[in-house]
Every structure is written in C-alpha cells, then in structure tokens.
Amino acid sequence: GYENYDHEREILEPLDAKVVLSPKDCTTEEDVIAVAGDADAIFVRETPIGARVLESFEHCKIVSRYGVGLDNIDLETARKLRIYVSNVPEYGTEDVSDHAMALLLGCIRTLLVRDRNLRRGIFETDISAPIYRTTGKILGIVGYGKIARAFHRKWQGFLPDRILIYDPFVDRGQIEKKGAEKVNLDTVLAESDYISIHTPLTPETMHLIDEAALNKMKNTAILINTSRGAVIDTQALAHALQEEQILGAGLDVFENEPLQPDHPLVGMPNVILTSHVAWYSKDSAKDLQTGAAREIQRVLSGKTPLNWVNPW
C-alpha cells in the first residue's frame with residue numbers, strides 16, 4: 001500500500017533479510033497463511049492475524065504493525081507462542097490530529113456544500129445555513145491519548161469556552177493541567193457542541209456511540225471520528241443525521257471498509273467522508289515504514305522491540 005519499500009530494504013538487507021511483498025492484498029487469514037507461513041517476520045496493516053494465522057507460522061519471530069491499532073492481531077495467542085507484536089505509536093500524531101481539525105472545520109463551515117453549490121452556479125452571498133463559530137463553544141474529546149492531546153493543543157487556538165475529556169484511564173490531574181475538565185461520557189454527549197473521537201477499538205468501546213448516545217447530543221452538535229469506525233454504530237449515526245438529531249459528522253473511518261457507494265452516508269450533504277487517510281502525509285509514511293522496519297531489525301538482531309505490545 002505504499003509508494004515503495006526502499007526504507008524497509010535499506011534497514012533490513014544489511015542483516016541478510018529479504019523484503020518480500022505479497023503478490024496480492026491479504027484480506028483473509030487463508031491469504032496470510034498461504035503467503036507468509038514461512039516468514040521470519042511480518043509487516044502488517046489491517047490484515048487479520050488471528051490464532052490460526054499465528055499457529056501456522058513456522059518460525060515467525062515478530063509481527064510488526066504498520067500503525068497504532070492492534071484490533072486485527074490476536075495478542076494473547078502471539079504471547080503464548082512467543083511471537084513479538086510491535087506497533088508505531090508516534091508516526092501519525094500530527095497528521096491525524098490535523099485531519100480531525102480539518103474535518104471539524106469543514107463541517108462547521110459547511111465547506112463541501114458551499115463548494116458544490118458554487119460549482120453548480122450558485123453564488124451565495126447571503127445564506128441561512130446553520131453555521132456556528134468555533135470561539136466560545138464547548139469541545140468534547142472521547143479518548144485522551146497522543147492524537148487527542150495534539151488535537152486539544154491545536155483546538156485551543158480557537159478559544160473554546162470549555163474542553164471536556166472522557167477517558168477513564170487518564171488521571172484527572174493530567175487533564176486539568178492541560179486546561180480541560182475530566183467528565184463522564186454522558187456529560188460530553190449532552191454539553192458539547194463539537195465531539196471528536198480518539199479512543200481505540202476494544203470490546204468496551206465497540207459501539208460506544210450508539211443510538212442512545214446520539215440521542216443525548218445537541219441537535220446542533222457535530223461528531224468527528226478519526227479513530228476506529230466501529231466505535232460508532234454506523235446505522236444509528238445515519239439515522240440521527242437523516243432525522244437531524246445532530247447537525248453533522250466528519251468521518252475518516254467506518255465500521256465496514258471500504259465504504260460502499262450505496263451506503264446512506266454517501267448521499268448526505270451534512271457529512272464529510274474521507275477514506276481512512278487521516279494518518280497520511282509524505283512525512284508520516286516515511287516515519288511509519290522506518291519505525292516498523294526498525295522493530296524487525298531489533299528482533300532479528302536478538303533485541304526486543306521498542307514498542308512491544310504483548311510482553312511476556
């Protein structure tokens with residue numbers, strides 16, 4: 001999925017390691033087993049690496065995840081088999097937070113609608129669309145990891161009235177030190193004008209934003225998601241947007257990817273959609289590929305990964 005794999009080869013070939021590209025996209029576990037069963041190390045993005053795959057590996061030492069999320073890898077089975085799993089947590093912090101900012105600003109200013117109208121010959125000097133300012137509004141953030149903190153830092157320049165954070169795993173003092181308030185999810189939903197989702201996908205966060213959650217939001221609220229699609233119940237979100245229960249949404253991730261052309265969200269004017277590209281820039285791609293390759297380099301050299309996510 002990358003422009004080239006020169007970074008990986010430059011790092012690994014001095015170890016007499018050959019970088020082999022899969023001849024096709026591996027979308028099933030059977031694909032992975034057929035292509036990579038005899039590999040010493042695996043680079044992976046969203047490809048499923050479940051127990052059957054891990055148990056089929058003949059002498060794999062490490063699965064190196066291109067990215068941060070780990071919901072496609074069976075960490076417990078990898079731990080039992082003593083196969084390292086690593087990720088690259090730092091690579092796209094600025095890029096994803098930039099994208100979340102862009103989606104939110106685009107939704108607030110209804111930029112795509114204004115662009116489409118102008119291209120259709122409608123030059124709007126006076127409009128009555130529900131456009132609200134950024135300054136003085138309440139921002140809610142769900143999940144407060146590195147990307148969320150970068151997003152928070154950037155959004156502070158818009159002088160929000162309050163910033164509400166929901167993350168049960170982050171200490172209140174850390175949040176208050178950043179000038180925000182640690183609150184429960186219901187408070188974020190009920191009081192925020194704008195909500196940005198930055199939580200990983202876990203059994204606890206699956207459909208965290210469901211019909212009941214959406215019903216608690218203001219009808220002028222805008223919802224942004226650059227984390228994992230299944231954190232939001234997509235069907236419930238589509239219904240909430242159709243019924244104008246919330247004002248708009250900006251989504252880079254979806255419960256089922258790729259998003260199908262006939263999906264209800266595609267035809268909605270109050271939604272901005274991008275195809276899971278928030279992570280990307282030329283800079284982040286280099287950081288990602290280099291970071292993933294250096295983890296394999298460490299393991300093949302007898303060391304442990306720097307970002308070892310299934311320790312034993």
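## Cavities

A cavity is a set of grid points where a 1.4 Å probe fits but cannot get out, and its volume is the space filled by probe spheres set on the points. The model described here is predicted. A search of the whole structure gives two cavities of 30 Å³ or more.

The largest cavity has a volume of about 40 Å³. Its lining consists of Asn 225, Gly 229, Ile 232, Thr 234, Leu 237, Leu 251, Val 253, Phe 254 and Glu 255. By class, five of these residues are nonpolar, three are polar and one is charged.

For the second largest cavity, the volume is about 30 Å³. The residues that line this cavity are Cys 107, Ile 108, Pro 130, Tyr 132, Tyr 194, Thr 220, Ile 222 and Leu 247. Here the lining divides into seven nonpolar residues, one polar residue and no charged ones.

In soluble globular proteins, nonpolar side chains tend to be buried together. The largest nonpolar core of this model has 30 residues, and Leu 214 and Leu 223 are the ones that touch the most other members. Two or more residues of this core come from each of β4 (138-142), α9 (185-191), β7 (194-197), α10 (211-215), α11 (234-242) and β9 (248-251). The element that gives the most is α11, with five residues.

Beyond its neighbours within four places in sequence, Leu 214 is in contact with Ile 209, Leu 223, Ala 236, Leu 237, Ala 240 and Ile 246. One of these partners, Leu 237, also belongs to the lining of the largest cavity. Another core, of 21 residues, lies apart from the largest one, and its members include Leu 104, Leu 139, Ile 163 and Ile 272.

## Cysteines

A disulfide is a covalent bond between the sulfur atoms of two cysteines. How many disulfides does a search of the whole structure find? The search finds zero. Cys 26 is in no disulfide, and the nearest cysteine sulfur, that of Cys 60, is 13 Å away. Likewise, Cys 60 is in no disulfide, with the sulfur of Cys 26 as the nearest cysteine sulfur, at 13 Å.

Are these two cysteines buried or exposed? Residues under 20% relative accessible area are classed as buried. Cys 26 has a relative accessible area of 14% and is therefore buried. Cys 60 also counts as buried, because its relative accessibility is 9%.

Notes:
Residues are numbered from 1 along each chain as its sequence is written. This is a predicted model: local features need pLDDT of at least 70, side-chain atom pairs count only at pLDDT 80 or more; totals for chains, interfaces and linings use all residues. Side-chain values use heavy atoms; hydrogens and water are left out. A nonpolar core is a set of buried Ala, Val, Leu, Ile, Met, Phe, Trp, Tyr and Cys residues joined through side-chain atoms within 4.5 Å. Buried means under 20% relative accessible area, exposed over 50%, partly exposed in between (1.4 Å probe, protein chains only). Helices (H or I, at least four residues) and strands (E, at least two) are DSSP runs, numbered from the N terminus. Contact means heavy atoms within 4.5 Å. A disulfide is a pair of cysteine sulfur atoms within 2.5 Å. On a 1 Å grid over the protein atoms alone, a cavity is a set of points where a 1.4 Å probe fits but cannot get out, and a pocket is an open set with protein on both sides within 12 Å along at least five of seven lines; lining residues have an atom within 4 Å of a point. Ala, Val, Leu, Ile, Met, Phe, Trp, Tyr, Cys and Pro count as nonpolar, Asp, Glu, Lys and Arg as charged, and the others, Gly among them, as polar.
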